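Subject: Structure handover

Hello,

Here is the structure I said I would pass on. My notes on it follow below.

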Amino acid sequence: MPSNAADLELAAATKFYGNTVAVDAVSLRIPAGTYCCLLGPSGCGKSSTLRMIAGHEFVSDGDIMIGNTVVNDLPPARRGTGMMFQSYALFPHLDVRNNVAFSLKMAGVSKAERLKRADEMLALVDMGRYATRLPAQLSGGQQQRVALARALVTSPSVLLLDEPLSALDPFLRVRMRTELKRYQREFGISFVHVTHSQEEAMALADMVVVMNEGRIEQVGTPREVFNAPRTPFVARFMGGHNIVSQDGRTFAVRADHVRVAAPGSTAAHEMASGKVETVEYQGGSVNLGLRASDGSEVTATLADRDFDRTPLAFGDPVLFGWSPEDRHELITTTH
């Protein structure tokens, strides 16, 4: 692990905007070298949390520590963090090399040294041949690489990324998230990445932090958060789950664990009856929206080859159910 890598810790970090609590006593430790995604819907507090870490928002209460230093009162340039903005925020009048070198210029690094380091960083992100171009002459993916090089040129302990892929088209977004993960492994520092995309967080993160209404609902690996959601909110937000009540308790059941059969099946005594309300083709799978005879709604995800063997259409009667071991109990009150 590189010498500049550092743990990041939030201790009851709180942010007020007037009387509104945007971040509510968030406590979190991100070990050095971790790719962490702050995940949640708009207004959940994830961007405010990132901006407090960066020093772009004051901490109303609590502490933020990078390594062994409480950074609450330090300006952004002295925190050892780099920031990659959603808009990339490249200077339109500066060429690529001088965009990357700009923060070093502000830090008083000599021209020869800062341009040398900028060129080294551009080579790492495969943008060296574009060093003399202006931002307007670059594609969205190229601009993102320049913004990443600029954020990393100061050798930060932690890199902060505020929805860095949202401006890209879907194909490029997938390619660029692969590159981000590769760069994080190569540099060995923590990346803290804000996103509202469950798919993005699952693909990138070692640690997923699901936020809701300014608080943390769950922290875990992508597999832990998806397979064992802690609360109904997490199960719904991550998608691919049904929330069901049985025996006076609330459970999550993964949609791909719901079994579907035709009426008259030998397993009929174990299954509920209903009808098909929606059929959505998703390429390798088909999502069936089912309405049970008691009025409740259930989603079943079938592999496309399984669906093709016994295709179903709107209004068709079906039986459905799941095994007891496929139920995951949820905590219905968290705060």
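Gln218 is buried, with a relative accessible area of 10% (buried means under 20%, with a 1.4 Å probe and protein chains only). This is a predicted model, in which local features need pLDDT of at least 70, side-chain atom pairs count only at pLDDT 80 or more, and totals for chains, interfaces and linings use all residues. Residues are numbered from 1 along each chain as its sequence is written, and side-chain values use heavy atoms, with hydrogens and water left out.

Gln218 belongs to strand E10, residues 215-220 (strands, E, at least two residues, and helices, H or I, at least four, are DSSP runs numbered from the N terminus). A polar atom of the Gln218 side chain lies 2.6 Å from the backbone nitrogen of Arg230. Beyond four places in sequence, the residues in contact with Gln218 include Val208, Glu224, Pro229 and Val234 (contact means heavy atoms within 4.5 Å).

E4 (residues 61-66) pairs with E5 over 2 bridges, and Ile66 stands opposite Thr69.

Another open sheet, of 3 strands, has the order E11-E12-E18, also with antiparallel pairing. Its edge strands are E11 (241-246) and E18 (327-329). E12 (residues 249-254) and E18 pair over 3 bridges, and Ala252 stands opposite His328 in E18.

Regards

Methods. Buried means under 20% relative accessible area, exposed over 50%, partly exposed in between (1.4 Å probe, protein chains only). A polar contact is a pair of N or O atoms within 3.5 Å; within protein, one must be able to donate a hydrogen and the other to accept it, and residues adjacent in sequence count only if both atoms are side-chain atoms. Two strands pair if DSSP finds at least two bridges between them.
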